[in-house]
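These notebook entries set down what I looked up in the model, in the order in which I took up each topic.

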Amino acid sequence: MAAVDVTRRFTRRRVLRDELIGLYGVVERNVYLTKRYLLWDLAFLLWTVANTLTIVFIARGVGVGPAARNELETKLLVGGVIWAFLGIIFEIVTETVAWERWEGTIEYTFMAPVSRPVHLIGMGVYAVIYGLVRAALVFAAVVAFIGIHLAHPNYGAAVALLGIASVSFIGVGMMTAVLPLVSPEKGTQLGFVAQGLMLVVSGVYYPVSVLPGWMQWVAKISPATYALRGNREQILHGSGLAWADVWPLLVIGAFSIPIGLAVFKAGERFAKKRGKLKRSG
Amino acid sequence: MVLRDAVLQQAAVSVRDLEKGFTRRKGLTRRRRAALAGVSFEIARGECVAILGQNGSGKSTLVRVLSTLLLADGGQVRVFGNDVFKEARTVRRLVNRVSVEASFFKKMSAAENLSYAARFYGMGPRETREQIPRILERVGFPSSRRGESMESLSRGMQQKVALARALLTSPVLLLLDEPTTGLDPRSKQEVQAFIREIRATNDSTILLCTHDLQEAEQLADRVGLLDRGELLFLEPVEDVKRRYGVDTLEEAFFAATGRSFEDEKTEDDEDREVFA
């Protein structure tokens with residue numbers, strides 16, 4: 001038998017190659033799981049469509065003319081779809097730990113030689129792809145069901161803006177992903193609290209201007225504020241990518257990813273110290 | 001050449017004064033229990049060492065420290081000269097493990113679970129397409145069942161896939177944490193036979209943690225006894241028997257600890273079991 005060279009050090013190119021394969025592995029695993037849980041996913045999609053319909057139907061009871069009603073329906077629909085999109089990103093990234101713990105694979109994944117940023121970004125990449133497909137299906141189903149008239153929607157710009165906003169969403173998701181690591185019992189639920197708080201201050205179904213002053217200030221640092229504002233303009237008026245929406249998202253993204261990684265790293269260290277990095281917590 | 005010889009002579013595992021404790025809350029009080037209390041030992045390259053101990057003795061804590069999943073309170077742990085705390089990523093490339101629970105994504109198939117594990121070790125789709133059927137065949141897993149979900153497989157079959165997962169990454173240090181616990185006698189024999197085959201064919205150093213005295217005696221070059229976080233001995237089986245003047249490892253356990261291997265646990269032991 002040939003002796004393995006344990007002193008071998010990998011070149012940067014080899015490390016990069018291995019990290020990309022690791023990232024692909026995370027996305028691939030999630031595709032496998034989606035295929036295996038397809039019926040569950042379909043049921044969840046139907047629930048999201050029904051939930052979005054309950055919001056959009058509010059516009060029918062407001063008692064305004066057809067044009068104003070159509071505009072209100074579209075605004076509520078964009079809010080509902082972004083809520084669903086953000087929910088998926090938070091759910092998938094936050095469950096990086098919770099899902100692995102539930103399946104019992106957490107120790108194997110965390111002892112593998114892939115870097116944590118690649119692991120988390122892999123989860124984020126899958127979440128964005130899956131979330132976009134799901135958001136498109138919810139949007140199309142509600143538009144068809146209610147019969148909303150969209151004059152000149154700019155879908156390309158809307159998807160591009162959501163893509164840019166996703167960088168920030170993933171960064172915030174990484175921060176909440178640490179919660180199940182630190183608190184196995186309550187961590188996942190706290191992640192949902194963070195998602196809800198972000199949307200409350202971002203004007204999900206109403207203009208930010210109706211919020212109390214301090215909430216309006218918080219809205220300025222929430223990426224959902226700019227995604228909602230931009231997407232509404234793009235779907236209602238066919239606007240393109242507005243720099244006023246893009247630059248805040250780029251700035252928030254540039255901060256949120258490193259902060260998210262640092263928070264997760266600190267949480268992982270805490271979990272390793274306290275012995276929480278195991279299947280039973 | 002000199003460097004290569006030095007590496008070959010270097011200990012595969014070197015543990016010095018390893019300490020790890022856990023705090024458990026009980027009502028308003030907190031109890032600190034030592035899972036590992038100043039453990040020291042070395043394992044030579046290519047050696048198979050068995051660590052015996054009851055539940056809560058600290059075996060799994062030791063495996064989790066070597067797997068880079070736990071940070072120690074004190075001491076030094078090196079795997080092929082690499083510090084497991086400071087050079088965790090280098091250590092991770094060298095180590096893999098099989099634990100008492102098979103631990104897979106239950107809805108995914110054996111092949112999908114193995115692909116997922118392999119990607120984290122830099123194995124691309126082309127490589128796994130060739131390697132996975134080969135490795136599954138080697139552990140005696142029927143190739144016709146590699147597309148079935150893990151939840152439809154027996155415990156014995158799942159454990160074979162767990163062995164395949166560990167071997168797929170060609171680890172030079174293989175950590176086996178009670179790999180045959182809960183298996184039926186036939187599956188247990190198959191897994192043990194495969195561990196012997198790994199020793200004969202791979203450049204692997206093996207640390208086997210078990211509470212099966214017979215298994216330890218059959219598979220290991222040296223046997224250690226971890227009791228309440230302390231390593232009482234680590235020697236070849238015959239030396240252990242000679243030291244205590246006994247005929248069996250069970251008698252050696254009694255002589256070393258003053259307790260029977262099957263004795264009931266104290267409250268302290270139960271506290272320790274939660275973590276260790």
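**Entry 1. Helix H8 of chain A**

I listed the buried residues of H8(A) and found A:Gly187, A:Thr188, A:Gly191, A:Gln195, A:Met198, A:Leu199 and A:Val201. I count a residue as buried if 20 or more other C-beta atoms lie within 10 Å of its own, as exposed if 12 or fewer do, and as partly exposed in between, with C-beta atoms placed from the backbone. Helices (H or I, at least four residues) and strands (E, at least two) are DSSP runs numbered from the N terminus.

The model is predicted: local features need pLDDT of at least 70 and side-chain atom pairs count only at pLDDT 80 or more, whereas totals for chains, interfaces and linings use all residues. Residues are numbered from 1 along each chain as its sequence is written, while chains are lettered from A and ligands numbered from 1 in the order in which they are written.

I then looked up the packing partners of the buried residues of H8(A), which are H3, helix H6 (155–177), helix H7 (179–182), helix H9 (213–219) and helix H10 (223–237) of chain A. Two residues are in contact here if their C-beta atoms, placed from the backbone, lie within 7 Å.

I checked the length of H8 (residues 187–201) of chain A as well: its 15 residues should span 21 Å at 1.5 Å a residue, and the end C-alpha atoms are 22 Å apart, which agrees. The expected span is 1.5 Å times one less than the number of residues. After H8(A) comes A:Gly203, with a positive phi near 75°.

**Entry 2. Helix H2 of chain A**

Helix H2 (residues 38–56) of chain A has 19 residues, and I read 27 Å from its first C-alpha to its last, close to the 27 Å expected. Which residues of H2(A) are buried? They are A:Thr48, A:Thr52 and A:Val56. They cover an arc of only 70° around the axis, so they lie on the same side of H2(A); the arc is that of the directions from the helix axis to the C-beta atoms. An α-helix has 3.6 residues a turn, so residues three or four places apart point the same way.

The buried residues of H2(A) pack against helix H3 (66–103) and helix H5 (116–146) of chain A. On the face of H2(A) turned away from its buried side I noted exposed residues, including A:Trp40, A:Leu46 and A:Trp47.

**Entry 3. Chain A as a whole**

I counted 11 helices and 0 strands in chain A. Of its 281 residues, 45% count as buried. A compact globule with 281 residues would have a radius of gyration near 19 Å, and the 21 Å of chain A agrees; the radius is taken over C-alpha atoms, and the globule rule is 2.2 Å times the number of residues to the power 0.38. Along the principal axes, the C-alpha atoms of chain A fill a box of roughly 80 × 40 × 40 Å. I also looked at contacts in chain A between residues at least 6 apart in sequence, of which 82% join residues at least 24 apart.

**Entry 4. Sheet of chain B**

In chain B I traced an open sheet of 4 strands with the order S2-S1-S4-S5 and antiparallel pairing. Strand S2 (29–43) and strand S5 (82–83) of chain B stand at the edges with a single partner strand each, so one side of each has no neighbour in the sheet. Two strands pair if DSSP finds at least two bridges between them.

Strand S1 (residues 13–26) of chain B is joined to S2(B) by 12 bridges; B:Ser14 has B:Glu42 as its bridge partner, and B:Gly21 stands opposite B:Ala34. The hairpin of S1(B) and S2(B) has 2 residues between the strands, and B:Gly27 takes a positive phi near 65° there. S1(B) also pairs with strand S4 (residues 74–79) of chain B over 5 bridges, with B:Glu19 opposite B:Gly74.

**Entry 5. Positive phi in chain B**

Most residues other than glycine have a negative phi. I looked up B:Ser170, which is not a glycine and has a positive phi of about 45°. B:Ser170 is partly exposed, with 16 other C-beta atoms within 10 Å. B:Glu178 likewise is not a glycine and has a positive phi of about 50°; B:Glu178 is buried, with 20 other C-beta atoms within 10 Å.
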